[in-house]
Amino acid sequence: MATDPETNYPLAILVLSPLKSFTGNLITAERIRKYFRNHRIFGFVKDPREFATLEAFHGFLELYQVATVIAIHAIHCGKLLQDCPVPYAVIFGGTDVNHGGVNADCFPMMTDVVINARKLVAFTDLMARQVLELWPDDISTDKIEVIPQGVKLNPSELFSISAHLKLVFSVTCEKPEIYMLVAGVRPVKDPLYLAEAFSDWHCSVNSKAYLVIVGPPLDEDYLNQFQAVVSRLPGVLFIPGLQHSDMQAAIRDSHALINSSRSEGQSVAILEVSPLTCNNHTLHLKPLRWLNW
């Protein structure tokens, strides 16, 4: 077990991240914690919303002898990182760079967090360049590291997306042609982008084709609008999240994976799709230029 050379106490790492169920951030945070555990370094995973005040956050760091904080998403974790008493690194999620950089309310806080971070991590060269363009006078190139995300494949052998659609939605065709869109339900992911056109295609051309939108609700106001639209569109179905192994099995057995996001850092679902042998279709939006396919 790694220890502090002065106190001989076990070293602890805190991975700070939004931890909404069925999200890429949760998967990434747990993967980081497991990496440290495998190297005999104790790791906590916490959502910033678990700390009501800065005092509560600082008290946690002191109580559990946290030596370093690794924060995923500069906006969601930023307020806690201001005046952080231990060294910290920031992993940019994507929307923090793409939107926070043009948001006057967020940018001053992000600037403070970025300047005082020990290290910055981007998933892609494109994202690293965006960060350097946002803070040209505050960040040196040796402060930011590009570390692409890895994926671990463990698709369930028991889960069947076709059987799930039959059980939950009474889909009757024997072999539905599933087009899967994996995204948290919020405006920036634009999950309704293809919904109307897809429903028309389902009704008039290919009744076996289904657009299956899978992801947790992340914006309550938008969710109401989203559900109202989906409920009236034949051929468009919504599943509010699947366990990761079931999700991988569903992607594997789908005809195509669709990404309609207006802003993306590096989609875990898209990274997983190639080795899972699903045909991949994405909308060619600017934030998706990290794709080499």
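How many aromatic pairs does a search of the whole structure find? The search finds 13 of them, where rings of Phe, Tyr and Trp (its six-membered ring) pair if their centres lie within 6.5 Å, with planes under 30 degrees apart counted as stacked, over 60 as edge-to-face and the rest as tilted. The model is predicted, so that local features need pLDDT of at least 70 and side-chain atom pairs count only at pLDDT 80 or more, while totals for chains, interfaces and linings use all residues. Residues are numbered from 1 along each chain as its sequence is written, and side-chain values use heavy atoms, leaving out hydrogens and water.

| Pair | Centre to centre | Angle between planes |
|---|---|---|
| Phe42 and Phe44 | 4.8 Å | 80 degrees |
| Phe51 and Phe57 | 5.3 Å | 75 degrees |

Burial is judged by relative accessible area (buried under 20%, exposed over 50%, partly exposed in between, with a 1.4 Å probe and protein chains only). Phe42, at 42%, is partly exposed, whereas Phe44 is buried at 14%; Phe51 is buried at 11%, and Phe57 is buried at 0%.

The second largest pocket holds about 410 Å³ of space. Its lining comprises 15 residues, of which Thr28, Ile32, Ile91, Val121 and Ile147 are the closest to the pocket centre. Helix H1 (24–38) and strand E4 (88–91) are the elements that each give two or more residues to this lining, and H1 provides the largest share, five residues.

Methods:
On a 1 Å grid over the protein atoms alone, a cavity is a set of points where a 1.4 Å probe fits but cannot get out, and a pocket is an open set with protein on both sides within 12 Å along at least five of seven lines; lining residues have an atom within 4 Å of a point. Grid points are joined across faces, edges and corners, and a volume is the space filled by probe spheres set on the points. Helices (H or I, at least four residues) and strands (E, at least two) are DSSP runs, numbered from the N terminus.
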